Number of protein chains: 2
Amino acid sequence: MELHQLAYFVAAAETGSITRAAERCGVAQPSLSQQVQRLERSVGGRLFDRLGRGVALTDAGRALLPRARAILAEVRDARAHLHEDVEAGEGEFRVGAIPTMAPFLLPRAVAALRTEFPRAAITVREDLTDRLVQAVADGELDCAVASSPIDHERVEVRTVGEEPMVVVVPAGHPLAGADDVALAALRDLPTVTLHEMHCLGRQIAGFCAAKRLGRSVVCRTTQIGTALGLVSLGMGVSIVPRMAARADGAPRAGRVYLEFRGPAPRREVTVLTRAGRAPSRVGLRFAERIREALEEG
Amino acid sequence: MELHQLAYFVAAAETGSITRAAERCGVAQPSLSQQVQRLERSVGGRLFDRLGRGVALTDAGRALLPRARAILAEVRDARAHLHEDVEAGEGEFRVGAIPTMAPFLLPRAVAALRTEFPRAAITVREDLTDRLVQAVADGELDCAVASSPIDHERVEVRTVGEEPMVVVVPAGHPLAGADDVALAALRDLPTVTLHEMHCLGRQIAGFCAAKRLGRSVVCRTTQIGTALGLVSLGMGVSIVPRMAARADGAPRAGRVYLEFRGPAPRREVTVLTRAGRAPSRVGLRFAERIREALEEG
DNA sequence: GGCCATGCATAGGATGTGCCTATGGAATTG
DNA sequence: CAATTCCATAGGCACATCCTATGCATGGCC
């Protein structure tokens with residue numbers, strides 16, 4: 001069953017004549033006759049009754065006709081609408097993000113993307129950095145949001161912004177009333193920190209180590225939200241990205257956020273794509289939306 | 001854009017590799033590579049980024065993928081479901097009937113056919129005999145209901161039954177109280193008759209001529225219903241097919257139906273199909289349904 | 001009834017297309 | 001740096017499509 005055979009079949013059914021169908025299709029009559037016969041063999045039954053004066057559909061032909069029309073229409077549509085499908089971002093688009101960014105950046109970015117590209121089937125994956133990098137390299141993801149450092153031959157890294165850290169302390173803590181706080185002031189305070197399986201946990205540990213800041217870690221969590229909860233209970237102070245502080249909403253009982261005095265520790269927000277791939281329309285907008293979410297968020 | 005090219009494209013998109021796609025499709029790698037390139041030229045844009053290690057969809061490829069899948073699925077469905085489509089009577093089925101039979105036979109027959117072949121797209125045409133015959137001969141109609149005589153080389157005539165005529169007289173007419181009436185009793189009575197453009201009109205005129213029955217035609221109508229109305233007004237008597245009498249429902253004020261005494265004039269009910277065509281499943285059932293409607297109606 | 005026109009099927013040959021094996025070139029891997 | 005992997009290209013073969021020419025059946029016409 002070939003497309004041109006279906007086209008010939010439809011033409012013959014509509015004209016009721018092999019000869020006129022051949023004219024319409026711009027081929028010789030024997031060619032069309034042959035192809036119709038071949039189609040009949042391929043479906044295993046006659047499609048036309050040969051009447052001597054033209055042809056008429058059999059039951060099988062009557063049944064095939066609407067399907068043949070549908071197939072040909074789909075092919076025509078595919079050709080005609082391919083360009084606008086590209087504009088509309090048609091197709092599956094798979095994004096990933098690390099857990100310490102996903103809840104703060106993805107909802108807004110994905111929502112914006114869905115309205116901009118209503119026909120894109122966007123799927124989301126939340127995972128640790130190295131697994132995201134591997135997924136992008138393997139083509140399982142089209143885009144991922146993570147933080148430097150990323151090093152993979154096949155992965156292209158684009159920095160879309162950076163983000164300062166803030167300090168969060170329990171309400172009533174001696175530091176709670178201050179406008180801002182120096183990193184050194186945190187020395188030896190009981191600290192709630194993020195597990196170092198997260199790149200953010202490693203980054204914060206790195207900042208502290210760089211400042212030779214001894215820490216008294218009283219708890220390690222795997223989620224920022226858990227850490228914030230423990231801070232509210234007075235178990236210690238913590239350092240979190242500002243997007244987490246903003247997402248925490250209106251001033252909450254139990255914990256107070258403080259800016260760093262002077263240059264704050266920062267992390268970069270980067271968008272990962274597979275190296276060597278042509279820039280994707282949806283992917284480019286995704287990166288922009290992540291940047292907006294970061295700046296406005 | 002050919003079906004096998006689309007199949008190759010989908011395989012390459014799903015495996016992310018020309019080589020593995022070729023394995024899956026059972027062709028050599030260069031063949032698949034070539035066909036993908038041909039498809040790319042035919043749609044006017046690259047569908048894959050060649051990464052050295054496999055391939056990845058471009059925006060255009062992403063957009064084409066769902067359409068290609070849809071087209072291939074339709075083709076698979078067409079092959080798989082063609083047989084059951086034939087059983088279900090899938091496709092357009094066009095029937096015709098003459099005006100003096102259509103309202104009494106078609107509704108019941110078509111309704112039955114619609115439940116039996118829910119996927120058949122049945123269309124109905126009401127027209128005079130010779131036009132129906134021509135339409136069947138030209139393949140514009142798959143089936144038609146008419147009455148003998150039909151004579152056309154390309155039209156096959158099947159008699160599904162016959163139907164007696166009855167007499168209808170105004171209420172209060174001298175004949176109204178009789179159980180039955182002889183044809184001769186109608187001699188010279190004022191008569192309302194059907195226009196001879198209808199075969200029924202010609203048939204009735206033929207009966208009367210055969211019995212040498214002079215008639216005093218006071219009115220000629222083009223519809224049986226009109227004739228019945230005029231009879232109720234007392235303008236004359238008329239001869240109508242029994243199906244019309246039955247359809248007239250419960251005893252109506254104004255007119256009374258009488259059987260003929262002895263052998264009644266009759267007309268045949270025939271189903272017309274195009275000669276040389278294989279018997280159609282729906283067509284065969286249609287003829288049966290007409291027969292049923294005639295017997296039960 | 002014989003003649004011509006019409007329409008589908010078949011035959012045979014030219015062209016084109018798909019597929020193959022072999023090979024080249026680029027990137028990746030050990 | 002060698003070996004491997006993978007896609008692209010080249011050349012040849014087989015088959016499929018298309019063409020023209022022709023056969024055969026049907027329908028229409030004088």
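Predicted model: local features only at pLDDT ≥ 70, side-chain atom pairs only at ≥ 80, totals over all residues.

Author: Residues are numbered from 1 along each chain as its sequence is written, chains are lettered from A and ligands numbered from 1 in the order in which they are written, and side-chain values use heavy atoms, with hydrogens and water left out.

Reader: Why is Thr270(B) called buried?

Author: Buried means under 20% relative accessible area, exposed over 50%, and partly exposed in between (1.4 Å probe, protein chains only). Thr270(B) has a relative accessible area of 0%, and is therefore buried. This residue is found in strand β12 (residues 266–274) of chain B; strands are DSSP runs of E, at least two residues long, and helices are runs of H or I, at least four, numbered from the N terminus. Leaving aside neighbours within four places in sequence, Thr270(B) has contacts that include Ala144(B), Ile150(B) and Val160(B), where contact means heavy atoms within 4.5 Å.

Reader: How do you know that the buried residues of α2(A) line one face of the helix?

Author: The buried residues of helix α2 (residues 18–25) of chain A are Ile18(A), Ala21(A) and Ala22(A). Seen down the helix axis, they fall within an arc of 100 degrees, so they line one face; the arc is that of the directions from the axis to the C-beta atoms. They pack against α1 (3–15), α3 (29–43) and β2 (55–57) of chain A.

Reader: What makes chain A more spread out than a compact globule?

Author: The globule rule is 2.2 Å times the number of residues to the power 0.38, and the radius of gyration is taken over C-alpha atoms. For 297 residues the rule gives 19 Å, whereas chain A has 31 Å, well over that value, so the chain is more spread out than a compact globule. Its C-alpha atoms fill a box of roughly 105 × 40 × 30 Å, taken along the principal axes.

Reader: Why are the two copies said to be related as by a two-fold rotation axis?

Author: Copies are superposed by least squares on the C-alpha atoms of residues with pLDDT of at least 70 in both. A rotation of 179 degrees with 0.0 Å of shift along its axis superposes chain B on chain A (RMSD 0.2 Å). The two copies are thus related as by a two-fold rotation axis.
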